[in-house]
Amino acid sequence: MNAKLRDLIVTNLLAVFAGLFLSGILLLFLKINPLIVFKQAVVTMVTDKYTLGDVFLKATPLIFTALAFAFTFKANLFNIGAQGQFYMGAIVAVAVSLKLDGVVPTPVLLVVVCVLTFLAGGVVGGLIGFLKARYHANEFLVSMMSTYVALAVMNYLLRTFLKESKGEYPQTDAISNSGWIPTLIKGTRLHAGFLLAMLTAVAVWILLYKTPLGYRIRAVGSNASAAQMSGINSGRIYVAAFFISGALAGMAGFTEVNGVQHMLIQNFNPDVGSAGLGIAILANANPIGIIFASLLFGALNVAGNLMGRMPGVNVPSSIIDLMQGFVMTFVIISYFARTYLDRQRKKRELQKAVEK
């Protein structure tokens, strides 16, 4: 095992343990035994089919938003706007599903909706990449602010063109069964979107490491100036990387609307973008690692819900956010710790080379 892989495994394990440990300390302050509630939550997740399915269900959109951040990260870019691209995908998913409901067969409807959500998120992401390439805009700030624009657009549409038929609430009508993503396991909510997410993660890995475009993206990420001198157009790479990144986040909107909610409402899944960022860091931006890191966060989410519903134990609902927040905070700290360890290792290697 090389030093980098060892650091990745050790620091991430410590980060997850530290987050859970701190959550347990807070439970002790509430006079709740954390070992008992954690154990009961884990046992329920493992033994109950419906609950176990929910772990994979919760992980599905997280895989897409984590891939969105990881993809631009490979080009040394930062897409902080996955939440907004997710919203754009959700808007297109519900609008097209309602429009095509009963007009085309279910397989055709799902393929069309999936493609259009891919393009919707991609257009938003591509615009950020264009501003970076053409005007040298700070992609961190532009992508972050784009989320607020997307949120405002969604809220406007929910109060106007997409408002439900009765006109009473800021939400859409529910899409019929013909627009639902098929369920994978009977008796659970787990749908085929999880398989789509896994296949997408594998496809992203192949794209990044086995294709000329992926090589160019990684070359620009390593050294944009050197890549430019070698004939790689970094501006085009910025646009392409952000387009694909936004498209991945948009697909999360498709799986949530057509697979879980079957409608669009205000304050729809507001943390999926930020959670994806932490997951990408936990997986060191590796597309395959993102699958497992997303399952971990899905399990944390489900465990928090289970603890909040345990009879005779007054666990506050906020424990879910606290657990995820603590773990994510320590994951980000672990990233900087790995960077420091790697830098120190390179210094020692350089000193040894000089001494020789």
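Which residues does Thr65 touch, not counting residues up to four places away in sequence? In this predicted model, Thr65 touches Ala82, Ala252, Val272, Gly273 and Gly276, where a contact means heavy atoms within 4.5 Å. Residues are numbered from 1 along each chain as its sequence is written, and side-chain values use heavy atoms, with hydrogens and water left out. Because the model is predicted, local features need pLDDT of at least 70 and side-chain atom pairs count only at pLDDT 80 or more, whereas totals for chains, interfaces and linings use all residues.

The overall fold comes next. The protein has 13 helices and 0 strands; helices (H or I, at least four residues) and strands (E, at least two) are DSSP runs, numbered from the N terminus. With 356 residues, a compact globule would have a radius of gyration near 21 Å, and the 22 Å of the protein agrees with this. That radius is taken over C-alpha atoms, and the globule rule is 2.2 Å times the number of residues to the power 0.38. Along the principal axes, the C-alpha atoms fill a box of roughly 80 × 55 × 30 Å. Of the 356 residues, 47% count as buried, a term that means under 20% relative accessible area, with exposed set at over 50% and partly exposed in between (1.4 Å probe, protein chains only). Among contacts with a separation of 6 or more, 78% join residues 24 or more positions apart. The protein exposes about 17,700 Å², and carbon and sulfur atoms supply 66% of that area; accessible areas come from the Shrake-Rupley method with a 1.4 Å probe, and for residues only the protein chains shown count as cover.

Pro34, Val37, Ala41 and Met45 are its buried residues. They cover an arc of only 75 degrees around the axis, which puts them on the same side of H2; the arc is that of the directions from the helix axis to the C-beta atoms. This buried set packs against helix H1 (3-29), H3 and helix H12 (287-308). Turned away from the buried side is a face with the exposed residues Leu35, Ile36, Lys39, Val46 and Thr47. At the start of H2, a side-chain oxygen of Asn33 comes to within 3.0 Å of the backbone nitrogen of Leu35. Such a polar contact is a pair of N or O atoms within 3.5 Å; within protein, one must be able to donate a hydrogen and the other to accept it, and residues adjacent in sequence count only if both atoms are side-chain atoms.

Helix H6 (residues 139-158) can be read in the same way. Its 20 residues should span 28 Å at 1.5 Å a residue, and its end C-alpha atoms are 28 Å apart, which agrees. Buried in H6 are Glu139, Ser143, Ser146, Thr147, Ala150, Met154, Leu157 and Leu158. These residues cover an arc of only 115 degrees around the axis, which puts them on the same side of H6. Their cover includes helix H4 (82-100), helix H5 (106-135) and helix H10 (234-261). The face turned away from the buried side carries the exposed residues Tyr148 and Val149. Asn138 caps the N-terminal end of H6, with a side-chain oxygen 2.9 Å from the backbone nitrogen of Phe140.

Thr65 lies in helix H3 (residues 49-73) and is buried, with a relative accessible area of 0%. Its side chain reaches the backbone oxygen of Val272 at 3.0 Å. Leu277, in helix H11 (residues 272-282), is 211 residues from Ala66 in sequence but 5.6 Å from Ala66 in space, C-alpha to C-alpha.

Val94 sits in helix H4 and is buried, with a relative accessible area of 0%. Not counting residues up to four places away in sequence, Val94 touches Leu162, Thr172, Ile175, Val257, Met263 and Leu264. Gln324, in helix H13 (residues 319-355), is buried with a relative accessible area of 16%. With the same exclusion, Gln324 touches Phe297, Leu300 and Asn301.

Technical notes. Expected span 1.5 Å × (residues − 1).
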